[in-house]
Amino acid sequence: MKHLIDIRDLTQAEIVSLLDLADDIVAHPEEYREKCHYKKLATLFFEPSTRTRLSFEAAMYELGGQVLGFSEAASSSASKGESVSDTIRVVGCYADIIAMRHPKEGAPMVGAMHSTVPIINAGDGGHNHPTQTLTDLMTIRREKGRLDNFTIGFCGDLKFGRTVHSLIAALSRCENVNFVLISPEELKLPSYIKKDVLQEQGLPYVQTTDLTAVMPELDVLYMTRVQRERFFNEEDYLRLKDSYILTPEKLQNAKPDLSILHPLPRVNEIDTAIDADPRACYFRQALNGKYVRMALILKLLEEAQHEH
Ligand code: CP
């Protein structure tokens with residue numbers, strides 16, 4: 001059974017094929033309206049979400065399928081102490097594919113070990129978020145026309161930012177991508193990612209606390225939120241939350257074709273005055289998420305069907 005737990009579960013060719021399919025769905029949505037007739041997607045969200053859950057649900061509806069699930073652990077039997085593995089075994093009796101978000105790192109992988117249907121990791125704690133990465137790659141490719149030969153700056157919470165971890169893993173397989181890691185000291189990229197992904201492959205990266213200084217070099221700027229829910233104490237969160245606020249003034253030295261991405265939700269880190277700037281891609285990015293999740297559901301269901 002093929003699942004998507006980590007972006008590295010997909011080969012580069014499979015990623016490109018998914019992005020091609022997503023682009024085709026954008027161009028010809030009517031051809032996909034009945035593709036998942038009589039199929040059901042379960043969305044099991046043990047942690048809050050707007051984009052990921054609703055774009056998965058919209059994706060399934062636009063493919064002609066149906067959706068069931070829950071949006072918080074409190075309304076599921078997890079609140080009575082049911083394990084992830086039992087939940088997954090049971091939901092596999094009712095649905096053909098499962099998208100699952102969980103605050104504990106590794107929970108979707110545990111689910112996949114006990115599942116008879118494909119499991120998609122819709123975000124596990126501070127670890128991974130592979131469908132956000134597919135969304136980000138689709139956005140970079142549509143905005144820039146390529147997935148190679150650019151400099152990307154990751155700014156904000158690089159320590160707990162699962163979207164950052166997954167996207168760095170994916171871009172490490174692309175040609176000539178330079179990484180600029182911009183964060184406060186306390187929120188630097190975990191050393192296991194630097195070591196296993198960047199240093200292991202000899203990829204060029206720099207670390208800095210100064211967004212303004214590196215702005216002129218960037219082709220893509222990936223802003224992130226400092227995530228209150230990942231901090232052990234409120235004081236640290238309050239001290240760090242406004243470390244970076246992107247304003248029109250800070251973009252004065254930016255390239256005219258810079259692409260500004262953000263997985264969203266945003267709090268203060270991008271001034272709303274930037275939303276009207278054509279370089280702001282984050283709402284287009286959120287829309288791309290629906291199409292790439294349509295592509296992923298189609299591919300995983302097709303593969304599951306071949307296995308039976
Ligand atoms: N980008 C993202 O995962 O957003 P949600 O938390 O709203 O799903």
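The questions and answers that follow concern a predicted model.

Colleague: Is His129 buried or exposed?

Modeller: His129 sits in the loop between strand S4 (119–124) and helix H5 (130–144). A residue with under 20% relative accessible area is classed as buried. The relative accessibility of His129 is 3%, so His129 counts as buried.

Colleague: How do H5 and H6 count by their angle: roughly parallel, roughly perpendicular or oblique?

Modeller: The axes of H5 and helix H6 (residues 162–171) are 8 Å apart, and the angle between them is about 60 degrees. That angle makes H5 oblique to H6.

Colleague: Which residues of H5 and H6 make the contact?

Modeller: H5 and H6 cross in a right-handed manner. From H6, the contact takes in Thr163, Ser166, Leu167, Ala170 and Leu171, and from H5 it takes in Pro130, Gln132, Thr133, Asp136 and Leu137. Sorted by class, the residues in this contact of H5 with H6 are 5 nonpolar, 4 polar and 1 charged.

Colleague: How many residues of H5 are buried?

Modeller: H5 consists of 15 residues, and the distance from its first C-alpha to its last is 21 Å, close to the 21 Å expected at 1.5 Å a residue. This helix is mostly covered, and the number of its 15 residues that are buried is 13.

Colleague: Which residue just after H5 takes a positive phi?

Modeller: The phi in question is about 80 degrees. The residue that takes this value, just after H5, is Gly145.

Colleague: What is the phi of Asn149, which is not a glycine?

Modeller: Most residues other than glycine have a negative phi. Asn149 lies in the loop between H5 and strand S5 (150–155), and its relative accessibility of 39% makes it partly exposed. Although Asn149 is not a glycine, its phi is positive, at about 60 degrees.

Colleague: What is the phi of Asn176, which is also not a glycine?

Modeller: Asn176 belongs to the loop between H6 and strand S6 (177–182). Its relative accessible area is 46%, so Asn176 is partly exposed. Its phi is positive, at about 55 degrees.

Colleague: Which two residues does a cis peptide bond join, with omega about 5 degrees?

Modeller: Most peptide bonds are trans. Pro265 is placed in the loop between strand S9 (259–261) and helix H10 (282–307). The cis bond, with omega about 5 degrees, joins Leu264 and Pro265.

Colleague: How do the residues in the contact of H1 with H10 divide by class?

Modeller: The axes of helix H1 (residues 12–27) and H10 cross at roughly 120 degrees and come within 8 Å, and the crossing is right-handed. On the H1 side the contact is made by Ser17, Leu18, Leu19, Leu21, Ala22, Ile25 and Val26, and on the H10 side by Tyr291, Val292, Met294, Ala295, Leu296, Leu298 and Lys299. Divided by class, the residues of this contact are 12 nonpolar, 1 polar and 1 charged.

Colleague: What do the buried residues of H2 pack against?

Modeller: Helix H2 (residues 51–62) has 12 residues and should span 16 Å at 1.5 Å a residue, which agrees with the 16 Å between its end C-alpha atoms. Its buried residues are Thr52, Arg53, Ser55, Phe56, Glu57, Ala59 and Met60. The buried residues of H2 pack against strand S1 (40–45), strand S2 (66–70), strand S3 (97–102), S4, H5 and H10.

Colleague: What distance separates the C-alpha atoms of Glu302 and Cys36?

Modeller: Glu302 is in helix H10 and is partly exposed, with a relative accessible area of 44%. Glu302 and Cys36 are 266 residues apart along the chain, and the separation of their C-alpha atoms is 10.0 Å.

Colleague: How far apart in space are Ala73 and Ile152, C-alpha to C-alpha?

Modeller: Ala73 is located in the loop between S2 and helix H3 (84–91), and counts as partly exposed at 25% relative accessibility. In sequence, Ala73 and Ile152 are 79 residues apart. In space, C-alpha to C-alpha, the distance between Ala73 and Ile152 is 36 Å.

Key. Residues are numbered from 1 along each chain as its sequence is written. This is a predicted model: local features need pLDDT of at least 70, side-chain atom pairs count only at pLDDT 80 or more; totals for chains, interfaces and linings use all residues. Side-chain values use heavy atoms; hydrogens and water are left out. Helices (H or I, at least four residues) and strands (E, at least two) are DSSP runs, numbered from the N terminus. Buried means under 20% relative accessible area, exposed over 50%, partly exposed in between (1.4 Å probe, protein chains only). Axes are lines fitted to C-alpha atoms, for helices over the stretch in contact, and angles run from 0 to 180 degrees between N-to-C directions. Angles under 35 degrees count as roughly parallel, over 145 as roughly antiparallel, 65 to 115 as roughly perpendicular and the rest as oblique. A crossing is left-handed if the near helix is turned anticlockwise from the far one by less than a right angle, and right-handed if clockwise. Contact means heavy atoms within 4.5 Å. Ala, Val, Leu, Ile, Met, Phe, Trp, Tyr, Cys and Pro count as nonpolar, Asp, Glu, Lys and Arg as charged, and the others, Gly among them, as polar. The expected span of a helix is 1.5 Å times one less than its number of residues.
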